[in-house]
Amino acid sequence: MVYDETYTREKEDKISRAHPKKIYVGVFVKITDEGKVIPYGLQWTDQKIYKIDRILDVRKAASLKAGGCGMRYICMIRGRKVELFDEEGRWFVTPAI
Amino acid sequence: MNTFYASVELLYHPELRDKPLAVGGDPELRHGIVLTKSQLAKKSGVKTGMALWQARQLCPEIVFIPPHYDRYMRFSRMAREIYGEYTDLVEPFGLDEVWADVSASRTIKGDGRQIAEEIRARIKRELGLTVSIGISWNKIFAKFGSDYKKPDAISEITKDNYRDIVWRSPVEDLLYVGRSSSRKLHAMGICTIGDLARTDPVYLQTSMGKMGLILYMFAIGEDQASVAKENTSAPIKSIGNDITTPRDLVDDTDMRVVIYMLAESVGRRLRENHFMASVIEVGIRDNALLCFTRQQKITSPTNITSEIAQHAIRIFRANYRWEKPVRSVTVRASSLVPDTIPYQTNLFEDESARQKRMDADAAVDDIRRRFGYFSVQRGLMLTDNVLSHVDAKEAGTIHPRSYFV
């Protein structure tokens, strides 16, 4: 019994390190006159607001890491690449690439 | 799409990816069968349609996840959007399979294999799912090809290689050779699709009827059916809902609750599609799994929930004596007519009261559309919270359509 428990905990730890959870965030978006959606800032879970400096790529994609799928924006935030996903109106990030 | 429901669930549960998984109804509510299993569960012998307890016996560490149809619909829609970029001839076969005729796109998008390769890669990247694709000159061999190699594979069945690939395969691999056809074919000494193709079609017709000829045409690759255009669906012939109840039904009160609940769904779907029904059918399955259906023509066509329910209850009372508790119930409305059709009013029925009931139904539909199914309920439903707490309309309206419609 004890053995089993440690085993699963270790295993789960390993899995959660390999597949970090998806983190839902608040996002500031600009909608252009053509209806294009451009995110320009996001509010992290600690309520701090980060500016998106640049968007490198926009396309539909699935995130196998976080588990989800939708429009993917690869953003530069303070010199780090962040994958930001718009999944049916809810936005989430996968931890830095 | 390979192990569609299971793959979608795995995408959303990365932590379960190295565990065997099956998507199946909630065992608490007794919808206890495996709908789809993941590749890992398949290896331990879990099969679609198995009861959950059987699956657990074969594979003790299996994880069961109740189905999320809204998610599957979304993925199915997204996949169809991708196919739609290659052709407008996309014919769905269930939620996760389609036929697409890309002959006309060849000049722009490249030949069949190139398009298939592109679609496979895009679905993997954009949806995170794997697909297997069959390419051929007819629908039957294309379907065969998609089942030939799995997962994440493309098989091409051409006029040069079909004798080697298709004809050597067991006859059960052909679409529409099910348990009973395969038994008949085996009795005739036909074991492979090639055997079937080499048999005299007249002999097949005399022993199996029309189906024999159809299967023969399938086997020689002469199926001429074309791929239907996007968004053209066959006209609806009947609307019905069935439910396996959370507990066995034992008396008329239980039955009233369940029939009203199913009638709510049937009525709402009739109204949504602007139909009225002139035949009501009731199907009963008792706890020994014995089942029967009875139907009755009604005097004036209806889409009023309470009328459907009352007719269904009358049919049930006339045909069942409670020899055994009941396990599942179906209510179906058929002989549909458009709801604008003029009909003969009945001298002995109060038409203004009917109109009022119609208005009431419309109001309830509107409330439910805005605030959800359980926002407004019949008083009857409060007699049994367990039985009535199922939204029959949302819970079960997905069926792959037959090839022959």
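Mentor: A salt bridge is a side-chain nitrogen of Lys or Arg within 4 Å of a carboxyl oxygen of Asp or Glu. By that rule, 4 salt bridges turn up across the interface of chain B and chain A. Bear in mind that this is a predicted model, where local features need pLDDT of at least 70, side-chain atom pairs count only at pLDDT 80 or more, and totals for chains, interfaces and linings use all residues. Residues are numbered from 1 along each chain as its sequence is written, chains are lettered from A and ligands numbered from 1 in the order in which they are written, and side-chain values use heavy atoms, with hydrogens and water left out.

Trainee: What makes B:E81 and A:K60 a salt bridge?

Mentor: Their closest N and O atoms are 3.2 Å apart, and the cut-off is 4 Å, so the pair qualifies.

Trainee: How many residues are in contact between chain B and chain A?

Mentor: Contact means heavy atoms within 4.5 Å. On that basis, 15 residues of chain B touch 18 residues of chain A.

Trainee: Why is α13(B) called largely enclosed?

Mentor: Buried means under 20% relative accessible area (exposed is over 50%, partly exposed in between; 1.4 Å probe, protein chains only). Of the 21 residues of α13(B), 17 are buried, so the rest of the structure largely encloses this helix.

Trainee: How do you know what span to expect for α13(B)?

Mentor: The expected span is 1.5 Å times one less than the number of residues. Helix α13 of chain B, residues 252-272, reaches 29 Å from first C-alpha to last, close to the 30 Å expected.

Technical notes. Helices (H or I, at least four residues) and strands (E, at least two) are DSSP runs, numbered from the N terminus.
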